Structure formats: C-alpha cells, structure tokens
Amino acid sequence: MSQVQCGSCGRQVPPDATQCPYCGAAQSATPQSYAVPHRGVTVLVLGILGLVVCFAFGIAAWIMGNRDLSEMDAGRMDRSGSGMTQGGRICGMVSVGLAVLGLVVGIILMALGMVLQTGS
Ligand SMILES: [Zn+2]
C-alpha cells in the first residue's frame, strides 16, 4: 500500500500510523478530510434545465458533473452528493444527445426536402 500525506505537515507517513513521525499530529483513519462541499444540487438543477430549457445547461451539468465526480474519486470532495451529481450529469448527457439528434433529424429532413424539390 502506498503512503499517505500527513494532514498537518504534508510529509509522507505510513498509512497505518496513528501519529505523524515528523510533526506528531494525530492521523485519522481517512487520510484527507473533505475540504470541498459537493455541488450535487447545482449539477442536478443544471441537468434538468438542460432537458426542459436549453441543452447549453446540459453541457454545463455534464462538464461540472465529470469534474466533481473525479474530485470525489480523488477524495477531495464530499461524496454524499455523488448520486445527485451523477443524476445531473446523466440529464445533461441526455439533453445534449437529444439536441444532437434533433439537429441530425433536421438536417436529414432539410436534405430530403431539397431532394424532393429538385427531383420533381
Ligand atoms: Zn506531519
């Protein structure tokens, strides 16, 4: 197992140490405390806005969700919001997917219209 960083002095200490051998600070079971609160509500709201208002919100939710989930994986962000963050990210993905689908269908219909016009 790799070493963890002392929360007080930042030096590498053994993961099973209860005290830092360098500065004597007590080491908790979790190597890092969650300094950053999650933004699950924001990501979820943006994802839903992406679905009902404009897919631009969905892009924001997708990007924010990706970044926050990787922050949670790294242990730098409160994990309790991972469900909301994932939900918001998925809403964002779906809204972007629908926008792309709508664009593709629009182009096909437009092309079809031109073909029918020139063919007659
Ligand atoms: Zn230390």
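This note goes through the model point by point, from its overall layout to single residues.

1. **Basis.** This is a predicted model, in which local features need pLDDT of at least 70, side-chain atom pairs count only at pLDDT 80 or more, and totals for chains, interfaces and linings use all residues. Residues are numbered from 1 along each chain as its sequence is written.

2. **Layout.** The chain is divided into domain 1 (1-33) and domain 2 (41-119). These bounds come from an automatic or database domain assignment. The C-alpha centres of domain 1 and domain 2 lie 40 Å apart.

3. **Helix α1.** Helices here are DSSP runs (H or I, at least four residues), numbered from the N terminus. Helix α1 covers residues 40-52. It has 13 residues and reaches 18 Å from its first C-alpha to its last, close to the 18 Å expected at 1.5 Å a residue. The expected span is 1.5 Å times one less than the number of residues. Buried positions in α1 are G40, V43, L44, L46, G47, L49 and G50. A residue is buried if 20 or more other C-beta atoms lie within 10 Å of its own, exposed if 12 or fewer, and partly exposed in between; C-beta atoms are placed from the backbone.

4. **Helix α2.** Helix α2 runs over residues 55-73. Its 19 residues reach 27 Å from first C-alpha to last, close to the 27 Å expected. Buried here are F55, F57, G58, A61, W62, G65, D68 and M72. Seen down the axis of α2, the buried residues fall within an arc of 150°, so they line one face of the helix. The arc is that of the directions from the helix axis to the C-beta atoms. Just after α2, G75 takes a positive phi of about 80°.

5. **How α1 and α2 pack.** Their axes come within 6 Å and cross at roughly 150°. Axes are lines fitted to C-alpha atoms, for helices over the stretch in contact, and angles run from 0 to 180 degrees between N-to-C directions. The two helices are therefore roughly antiparallel to each other, a label for angles over 145 degrees. α1 passes α2 in a left-handed crossing, meaning that the near helix is turned anticlockwise from the far one by less than a right angle.

6. I59 is found in α2. With 17 C-beta neighbours inside 10 Å, I59 counts as partly exposed. The C-alpha atoms of I59 and G47 are separated by 8.1 Å, though 12 residues apart along the chain. M64 also lies in α2. It has 19 C-beta neighbours inside 10 Å and counts as partly exposed. M64 and L46 are 18 residues apart along the chain, with 9.4 Å between their C-alpha atoms.

7. **Longer-range pairs.** F55 is found in α2. With 22 C-beta neighbours inside 10 Å, F55 counts as buried. F55 and M93 are 38 residues apart in sequence and 8.9 Å apart in space, C-alpha to C-alpha. G97 is found in helix α3 (residues 82-119). It has 12 C-beta neighbours inside 10 Å and counts as exposed. The C-alpha atoms of G97 and G58, 39 residues apart along the chain, are separated by 9.6 Å.

Conventions
Angles under 35 degrees count as roughly parallel, over 145 as roughly antiparallel, 65 to 115 as roughly perpendicular and the rest as oblique.
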